[in-house]
Amino acid sequence: VFSDYMRPAVRLAALSGLKVIYSWTHDSVGVGEDGPTHQPVEQLASLRAMPGLRVVRPADANETAIAWRDAIGHDGPTALVLSRQDLPVLDGTAGNVGVSQGAYVLVETGDPDAAHPDLVLVGTGSEVWVCRDAAERLAADHGLAVRVVSMPCWEDFDAQDEAYQAQVLPAEVPTLAVEAATGFGWERWADEVVSIDRFGASAPGSRVLTELGIGVDHVVERALGLLDEVTEEVEQL
């Protein structure tokens with residue numbers, strides 16, 4: 001949330017194309033008891049709206065290492081948006097070139113030879129593991145083939161060609177995004193989004209996240225709801 005205080009300098013760095021790396025931590029309502037004054041909600045969307053600024057929200061330590069390397073090699077400013085709370089190191093993130101492409105397929109449940117999955121869950125930062133666990137539950141309890149996409153950087157993914165974008169996020173597959181921030185802007189990449197479109201609350205971080213819907217149970221519920229909506233639309237055609 002303290003990026004708000006720095007905004008004039010950040011904007012000037014973006015305008016000037018300066019090689020600056022910003023390291024912003026405590027990136028969600030997971031901050032906890034410090035309360036809504038210290039819990040960022042709208043900052044991610046506002047930073048992504050700034051021309052010339054790469055905003056990177058890594059899912060774990062492996063993605064963070066790659067993001068740091070890419071930031072060093074980038075000519076303009078980069079914002080590294082990092083989490084306060086402990087996060088698991090995920091299988092498949094180590095050395096994955098997809099991090100540098102802005103988004104990549106991290107997990108596929110179901111038949112690997114299927115033409116496409118039943119659903120895509122796309123997350124950033126500390127919500128990627130939530131998507132992974134939700135995908136595993138949807139597969140185990142509902143027999144669904146679910147793809148999990150980690151999307152650390154919108155700007156880098158937008159720079160990829162249409163073929164790669166379609167490979168990662170097929171247009172014909174229902175897509176649910178999960179991010180512990182306002183959902184503003186996600187309509188470009190997803191059909192629906194599990195987001196926080198209000199200010200936070202003062203409580204232990206894990207409880208605030210759960211109460212505001214950033215948890216496996218709620219993601220599973222929203223995913224099933226999205227699939228039901230798609231099924232109803234198809235039946236009405």
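E192 and R222 form a salt bridge, with their closest N and O atoms 3.6 Å apart. Here a salt bridge is a side-chain nitrogen of Lys or Arg within 4 Å of a carboxyl oxygen of Asp or Glu. E192 sits in strand β8 (residues 192–194) and R222 in helix α8, so this pair ties together parts that are 30 residues apart in sequence. Helices (H or I, at least four residues) and strands (E, at least two) are DSSP runs, numbered from the N terminus. R222 is partly exposed, with a relative accessible area of 26%. For that wording, buried means under 20% relative accessible area, exposed means over 50%, and partly exposed is in between (1.4 Å probe, protein chains only).

A word on the model: it is predicted, so local features need pLDDT of at least 70 and side-chain atom pairs count only at pLDDT 80 or more, while totals for chains, interfaces and linings use all residues. Residues are numbered from 1 along each chain as its sequence is written, and side-chain values use heavy atoms, with hydrogens and water left out.

**Salt bridges**

Side chains of opposite charge can pair when their charged atoms come close. The count for this model comes to 12 salt bridges. Three of them are set out here.

| Pair | Closest N and O atoms |
|---|---|
| E127 and R57 | 2.5 Å |
| E192 and R222 | 3.6 Å |

D27 lies in the loop between β1 (21–24) and α2 (43–48), and R57 in the loop between β2 (54–56) and α3 (61–73), so the pair ties together parts that are 30 residues apart in sequence. D27 and R57 are both buried.

The other partner, E127, also forms a salt bridge with R57. E127 belongs to the loop between β5 (119–123) and α4 (128–142), while R57 is in the loop between β2 and α3, so here the parts tied together are 70 residues apart in sequence. E127 is buried, and so is R57. Zooming out, a network of salt bridges links D27, R48, R57, E127 and E179.

E232 is partly exposed, at 46% relative accessible area.

**A few single residues**

T93 is in the loop between β3 (78–81) and β4 (104–108). T93 counts as buried, with 0% relative accessibility. Its side chain makes a polar contact with the side chain of D60, at 2.7 Å. (A polar contact is a pair of N or O atoms within 3.5 Å; within protein, one must be able to donate a hydrogen and the other to accept it, and residues adjacent in sequence count only if both atoms are side-chain atoms.)

Then there's H26, in the loop between β1 and α2. Most residues other than glycine have a negative phi. For H26, phi is near 55°, a positive value. H26 is partly exposed, with 35% relative accessible area.
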